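Have the viewer open as you read.

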Amino acid sequence: MKRMLFIPSLALLAACGQGGKANIEVSDAWARPTRGDAPGAVYVTIENKGGQDDRLVSVMTDHAAMAMVHQTEMSNGVARMRMAGEINVPAGNSIKMVPGGTHIMLEGLRTPLHTGDSFPLVLKFRESGEEKVSVRVAEAGEQ
Amino acid sequence: MNLKQLRLGLWVLVGLVAAGLVVFLWQESKTEQPAFSQTSLGTIGGPFNLTASSGKPFSSAELNGKPAAVFFGFTHCPDVCPTTLARLTKLRRDLGKGNDALSIVFISVDPERDTPAEVDTYMKLYDTPVIGLTGTPAQIEQVKKQFGIFSRKVEQPGGGYSVDHTATVILLDRNGQFSSTIAMEEGNDVALAKLRRITA
Ligand SMILES: [Cu+2]
């Protein structure tokens, strides 16, 4: 299972004509269902279609007390989850968060996440500012 | 202590012996090393007693007669645990032999929070049968030892804790004997081949 996919994008070409500003697009945000007071994990795809590097600095949602970017690291078969710090999104690149790697961890969920629900999430970028996305709660068995 | 750490420790030992003793002794300790890891692989698993998500006692004998994929985790785990369980349920579907061909077993490494009821609601998130087990801290420690599982509580910023833990899936044949493992990073085709072997 790949941690994170850096997909060099053809958008780089288009970006050259855009005068070197970061242009962030966030899509395909999803989470698995949770129950009780357990935290949730959100996976998103971030695409920088601009000509300038950008960084994901923080994440906010009304749906949880805390949202933070986490990284699951594997060593010797042991999984460890740690704060990831800022996520670099170079110009013309996209980052797809996939299970078992970088994720947005939601602590203190207002209500558990149920399959079929959706809720808003705001990602704050250093250059592009705030990007709002709707998170889809998938089936527990979603890959 | 997991197997890799054990093996590393052994190699360090081997190195020390090699540096300090005559060639004869060095060779002897070197031939001993692989023999030891084989024995320890052979003893992964073994009988255990835990508590089912129904709250009833669960004996490992209940698994016998059916191959099993055993995964250790905790219900407050948002990423690795649901990902692994989702993967196992998909692999079992891809195997195409029905849910009866393979037991998927989840054993909690967080007995403090994971009561049987807690484990029960977690298992019910999946639309396919998963056996969820927990136990007393002593029982869990014992089973972890038998399966070579490492886990450690880690305080989280803002309160609460997470648990670092071995995420490798352990495959048992229908007699409860250790067969192989599925690592997190391993491809699904390899994993499927391993599952075919134990369900053949
Ligand atoms: Cu996390």
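## Ground rules

This is a predicted model, where local features need pLDDT of at least 70, side-chain atom pairs count only at pLDDT 80 or more, and totals for chains, interfaces and linings use all residues. Residues are numbered from 1 along each chain as its sequence is written, chains are lettered from A and ligands numbered from 1 in the order written, and side-chain values use heavy atoms, with hydrogens and water left out.

## The copper site

Four protein donors hold positions 2.2 to 2.5 Å from the copper ion: A:His70 (ND1), A:Met81 (SD), A:His103 (NE2) and A:Met105 (SD). Donors here are N, O and S atoms within 2.8 Å of the metal (3.2 Å for Na, K and Ca); water is not among the atoms, so sites may look incomplete. The angles among the four donor atoms run from 96 to 124°, making the site tetrahedral (four donors, all angles between 85 and 135 degrees).

Along the chain, the donors are spaced H-x10-M-x21-H-x1-M. A:Met81 in strand S6 (residues 78-83) and A:Met105 in strand S9 (residues 102-109) of chain A are 24 residues apart, so this pair links distant parts of the chain. Strands (E, at least two residues) and helices (H or I, at least four) are DSSP runs, numbered from the N terminus. Both A:Met81 and A:Met105 are buried; that means under 20% relative accessible area, with exposed over 50% and partly exposed in between (1.4 Å probe, protein chains only).

## Aromatic pairs

Rings of Phe, Tyr and Trp (its six-membered ring) pair if their centres lie within 6.5 Å; planes under 30 degrees apart are stacked, over 60 edge-to-face and the rest tilted. That gives five aromatic pairs over all chains. B:Phe48 and B:Phe147 are edge-to-face because their centres are 6.0 Å apart and their planes at 70°. Both B:Phe48 and B:Phe147 are buried, and together with B:Phe72 they form one aromatic cluster.

## Charges over a ring

B:Tyr161 has the charged end of B:Arg113 over its ring, 3.7 Å from the centre. B:Lys153 also lies over the face of B:Tyr161, at 4.3 Å from the ring centre. The test is NZ of Lys or CZ of Arg within 6 Å of the ring centre and within 35 degrees of the ring normal.

## Positive phi

A:Asp28 isn't a glycine, yet its phi is positive, about 45°. A:Asn76 has a positive phi near 55°.

Key
Four donors count as tetrahedral if all angles lie between 85 and 135 degrees; four count as square planar and six as octahedral if opposite donors are over 155 degrees apart and all others between 65 and 115; anything else is irregular.
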